[in-house]
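Subject: Structure handover

Hi,

Here is the structure I promised to pass on. Please open it first, then read my notes below.

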Amino acid sequence: MSRVLAITNQKGGVGKTTSAVNLAAGLAQLEKKVLLIDLDPQGNATMGCGVDKHSLGRSIYHMLLGHAELTDVRVSTEFGFDLLPANRELGGAEVELIEMEHREVRLRVALEDVRREYDFILIDCPPALNMLTLNGLVAADGVIIPMQCEYYALEGLTDLVNTLRKVRLALNPRIEIDGLLRTLYDPRSTLAQNVVAQLAQHFGDKVFKTVIPRNIRLAEAPSYGRPIFAYDKSSRGALAYLELATELNQRFGK
């Protein structure tokens, strides 16, 4: 069975979608079978994989509402992994799901038939705690939390840990934090070093050894609809995400 990982942080601008896309591509570089799920109505992960969100016939919106099967929505990217794409239609699902039975488990149920096809399933969650994020957390075995090493990130992390505790008690007893990922990291910052020390103190080996640096090539790649490996595979950003994929595969790979 695949390892289903929700990539989430209620704070925006922490490199969540960048990490989802490039981790999927990095695992594909290691010849792992990967499904990336874009669960954010902004559709940035979809565009970052070279799929035009504006021309989608069917998206994850149709799957969650029961209007299409997962296999009808799934697309193969040119970068070696599969994608469940999203666009702004998905924002409507937030309202429509409220009226539906078993609304929190619809993604988990949809994944049951394909979990054996993949080594890893990555879910790019919205930067908010809403019904879409809840579906991602209920479907997941573990959570990866990208975060900047700054003061407010620690406050947000406390809120997210409390949220995961509630989800574990009420809806998904198997979910756990698989890793905290330090993103946009600047080693020259004293504050960043202090935050790293606090993370190590409280979370120990839950903190990934890999650190994602600030890197202009990482910032440029999405505008070309390409993961970093297809844009500049020799950049510091590409090397960091390949290192992260290797670390994750060593933890959970088969």
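Helix α9 is followed by Gly-204, which has a positive phi near 55°. Helices (H or I, at least four residues) and strands (E, at least two) are DSSP runs, numbered from the N terminus.

A word on the basis. This is a predicted model, where local features need pLDDT of at least 70, side-chain atom pairs count only at pLDDT 80 or more, and totals for chains, interfaces and linings use all residues. Residues are numbered from 1 along each chain as its sequence is written, and side-chain values use heavy atoms, with hydrogens and water left out.

Helix α9

This helix spans residues 190–203, 14 residues in total. From first C-alpha to last, α9 reaches 20 Å, close to the 20 Å expected at 1.5 Å a residue. The expected span is 1.5 Å times one less than the number of residues.

Which residues of α9 are buried? They are Ala-192, Val-195, Val-196 and Leu-199. They cover an arc of only 105° around the axis, so they sit on the same side of α9. The arc is taken from the directions from the helix axis to the C-beta atoms. Buried means under 20% relative accessible area, exposed over 50%, and partly exposed in between (1.4 Å probe, protein chains only).

The cover over these buried residues includes β6 (142–148), α8 (151–170), β7 (176–185) and β8 (207–213). Contact here means heavy atoms within 4.5 Å. The face of α9 turned away from the buried side carries the exposed residues Thr-190 and Gln-201. Thr-190 counts as exposed because its relative accessibility is 54%. Thr-190 and Thr-8 are 182 residues apart in sequence and 26 Å apart in space, C-alpha to C-alpha.

Salt bridges

The structure holds 12 salt bridges. Each is a side-chain nitrogen of Lys or Arg within 4 Å of a carboxyl oxygen of Asp or Glu.

Arg-226 pairs with Glu-78, with the closest N and O atoms 3.9 Å apart. Arg-226 lies in the loop between α10 (216–220) and α11 (228–231), and Glu-78 in the loop between β3 (75–76) and β4 (82–84), so the pair ties together parts that are 148 residues apart in sequence. Arg-226 is partly exposed at 28% relative accessibility. Glu-78 is exposed, at 62%.

Two other bridges sit within helices. Arg-217 and Glu-220 form one, at 2.8 Å between the closest N and O atoms. Both lie in α10, three residues apart, about one turn of the helix. Arg-217 is partly exposed at 29%, and Glu-220 is partly exposed at 25%.

Arg-251 and Glu-247 form the other, at 3.6 Å, N to O. They are four residues apart in helix α12 (residues 236–252), so about one helical turn separates them. Arg-251 is partly exposed, with 31% relative accessible area, whereas Glu-247 is buried at 11%. An α-helix has 3.6 residues a turn, so residues three or four places apart point the same way.

There is also a network of salt bridges. It links Arg-3, Glu-176, Asp-178 and Lys-206.

A surface patch

Tyr-151, Tyr-152 and Leu-191 form a nonpolar patch on the surface, with about 370 Å² of accessible area together. Patch residues have over 30% relative accessible area and no salt bridge; like charges are joined within 9 Å, nonpolar side chains (Val, Leu, Ile, Met, Phe, Trp, Tyr) within 5 Å. Accessible areas come from the Shrake-Rupley method with a 1.4 Å probe; for residues, only the protein chains shown count as cover. Tyr-151 is found in helix α8 and is partly exposed at 49%.

Best wishes
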